[in-house]
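Please look over the structure below.

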Amino acid sequence: RIKARPEIARALWAQGSSRYRLGETQAVLALGEKALAINRDDLKAALGVARNRYQLGVIAQRRGRDREAKEAYTEVETIARREKDLSLLAATLHQLGRLDLAAGNLTDASSRANQALEFARQVEDRLSEVSALSLIGLIAARQGNETEAREKLQRCKTTPLLARDRNSRSV
């Protein structure tokens, strides 16, 4: 029996996740590109494309390819907003905010981090909530607001991750 195309794409990403943990980023990129090509061919797989692009953005970001990561995340943000996937949107805004912070764009970083926090709380995605809080804390520290930075980072420690979103984004 031939598997449905979305199942093949998910299987490629599962294989990529295993290879990523082994440090085989080239293999992960190749598998991710194959999964993305499969999902792009299926017009109903918009969220599959978005999740693939998100993962490729994470890899690009970790390799120091911020422009490439920003392009991927921007595409994901558009799809996540259109499809109303608030968990994916929160995670993506967090990543875009991290890129803004690294580039010194504190206003954009703050705006994205606060949006990410709002969306994460709406869907009770504790991982994205903690990620957004930590980013807000880092931005506050960069702005010299030590009290706010300490408060946000302390809240990260006390926020339970048990209500984590069912759609894991880890590579």
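What follows is a short report on this model, arranged by topic.

## Overall fold

This is a predicted model. The protein contains eight helices and zero strands, so the order of elements from the N terminus is α-α-α-α-α-α-α-α. Of its 171 residues, 46% count as buried.

Among contacts with a separation of 6 or more, 56% are between residues 24 or more positions apart.

## Nonpolar core

The largest nonpolar core is made up of 39 residues. Within this core, the residues with the most contacts are Tyr54, Tyr73, Leu88, Leu101 and Ile139. Two or more residues each come from helix H2 (25-41), helix H3 (46-62), helix H4 (66-83), helix H5 (86-102), helix H6 (106-122) and helix H7 (126-142). In soluble globular proteins, nonpolar side chains tend to be buried together.

Tyr73 is listed among the core residues with the most contacts. Apart from its neighbours within four places in sequence, Tyr73 touches Tyr54, Gly57, Val58, Gln61, Thr92, Gln95, Leu96 and Leu99.

## Packing of H4 against H5

Two packed helices are described by the angle between their axes and the distance between the axes. For H4 and H5, the axes come within 9 Å and cross at roughly 150 degrees. Angles over 145 degrees count as roughly antiparallel, and H4 is therefore roughly antiparallel to H5. The crossing of H4 past H5 is left-handed.

On the H4 side, the contact is formed by Asp66, Ala69, Lys70, Tyr73, Thr74, Val76, Glu77, Ala80 and Arg81. They meet Leu88, Leu89, Thr92, Leu93, Gln95, Leu96, Leu99 and Asp100 in H5. By class, the residues of this contact of H4 with H5 are nine nonpolar, three polar and five charged.

## Packing of H5 against H6

H5 also packs with H6, at an angle of about 160 degrees and with the axes 8 Å apart. H5 and H6 are therefore roughly antiparallel to each other. H5 passes H6 in a left-handed crossing.

From H5, the contact uses Leu86, Leu89, Ala90, Leu93, His94, Leu96, Gly97, Asp100 and Leu101. H6 contributes Leu106, Asp108, Ala109, Arg112, Gln115, Ala116, Phe119, Ala120 and Gln122. The contact of H5 with H6 comprises eleven nonpolar, four polar and three charged residues.

## Loop residues with positive phi

Most residues other than glycine have a negative phi. Lys84 has a positive phi, near 60 degrees. Lys84 sits in the loop between H4 and H5, and counts as exposed because its relative accessible area is 67%.

Glu124 also has a positive value, with phi near 55 degrees. Glu124 is located in the loop between H6 and H7. Its relative accessible area is 47%, so Glu124 is classed as partly exposed.

## Thr158 in H8

Thr158 belongs to helix H8 (residues 146-158). The relative accessibility of Thr158 is 53%, which means that Thr158 counts as exposed. Thr158 and Val130 are 28 residues apart along the chain, and their C-alpha atoms are separated by 9.3 Å.

How values were computed:
Residues numbered from 1 in each chain as written. Predicted model: local features only at pLDDT ≥ 70, side-chain atom pairs only at ≥ 80, totals over all residues. Heavy atoms only, no water. Core = buried A, V, L, I, M, F, W, Y, C linked by side-chain atoms within 4.5 Å. Buried < 20%, exposed > 50% of the residue type's maximum accessible area, 1.4 Å probe, protein only. Helix = DSSP H or I, 4+ residues; strand = E, 2+ residues; numbered from the N terminus. Contact = heavy atoms within 4.5 Å. Axes fitted to C-alpha atoms, helices over the stretch in contact; angles between N-to-C directions. Parallel < 35°, antiparallel > 145°, perpendicular 65-115°, else oblique. Left-handed = near helix turned anticlockwise from the far one by under 90°. Nonpolar A, V, L, I, M, F, W, Y, C, P; charged D, E, K, R; others polar.
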